[in-house]
Each structure stands twice: as C-alpha cells, then as structure tokens.
Amino acid sequence: MYKSIGMPEFYQEAKRHQLPIIDVREIDEYEAGHVPNAKNLPLSTLGETFDTLEKEQEYFIICQSGGRSAQAAEFLSQQGYDVTNVMGGTSSWPGEMA
C-alpha cells in the first residue's frame with residue numbers, strides 16, 4: 001500500500017527539503033517542464049527501470065495529474081518500495097518548473 005500527499009503539503013515539503021521525486025511522465029513531457037530535482041522514470045518503462053531505485057529510500061511519485069503516478073506508486077509499493085503519490089501532479093505545481 002502506498003501513501004498519498006496533496007500538492008499544497010508536497011510543495012511546502014519540497015521548498016524545505018530536497019525530496020527524492022520520480023516523474024513518471026514520458027520523456028518529452030518531462031523535458032517540456034518538471035518539478036525541480038525530479039528524476040524521470042517513465043511509467044511505460046518502469047517495469048524495466050525500477051530496480052535502479054534504492055529500497056531504503058522513500059520516493060515521491062508525480063505525473064501530470066495524479067493518475068499515472070498512482071499506477072506507478074501501486075506497482076512500486078508491490079515491489080517493496082516506500083512511495084508516496086503526489087495528488088494533482090505537475091499541473092497543480094505552484095512553483096517554477098525546471
């Protein structure tokens with residue numbers, strides 16, 4: 001089971017700390033603008049790339065609106081990762097995009 005966090009709380013946390021953020025949108029979406037410090041691991045290839053993540057690390061999973069990140073969070077939690085889905089996604093990010 002994975003956790004969820006709303007954008008207002010996530011944004012405040014991200015301003016205070018450098019969070020481990022995984023953006024599961026496709027490469028072109030990520031390159032068009034993403035939350036600062038987010039690493040891109042597209043959902044379409046996550047099944048082959050998830051093992052590059054550290055099991056001991058908590059991760060915040062984000063996409064455009066929260067649907068794909070929920071799928072990714074479900075998958076990663078089943079693999080034993082500590083993940084939190086960011087509800088609202090990058091479309092509700094109030095800060096500057098990288």
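Q: What makes a residue count among the buried ones here, and what share of the 98 residues in the protein chain do they make up?
A: Buried residues make up 43% of the 98 residues in the protein chain; the word means under 20% relative accessible area, with exposed being over 50% and partly exposed in between, using a 1.4 Å probe and protein chains only. By the way, this is a predicted model, where local features need pLDDT of at least 70, side-chain atom pairs count only at pLDDT 80 or more, and totals for chains, interfaces and linings use all residues. Residues are numbered from 1 along each chain as its sequence is written, and side-chain values use heavy atoms, leaving out hydrogens and water.

Q: Why is T90 called buried?
A: T90 has 5% relative accessibility, so it counts as buried. You'll find T90 in the segment after β5 (82-86).

Q: What does T90 touch, leaving aside residues up to four places away in sequence?
A: T90 touches D23, R25, V35, I62, C63, Q64 and M97, where contact means heavy atoms within 4.5 Å.

Q: Which elements does the protein chain have, and in what order do they run?
A: There are four helices and five strands, running β-α-β-α-β-α-β-α-β from the N terminus on. Helices (H or I, at least four residues) and strands (E, at least two) are DSSP runs, numbered from the N terminus.
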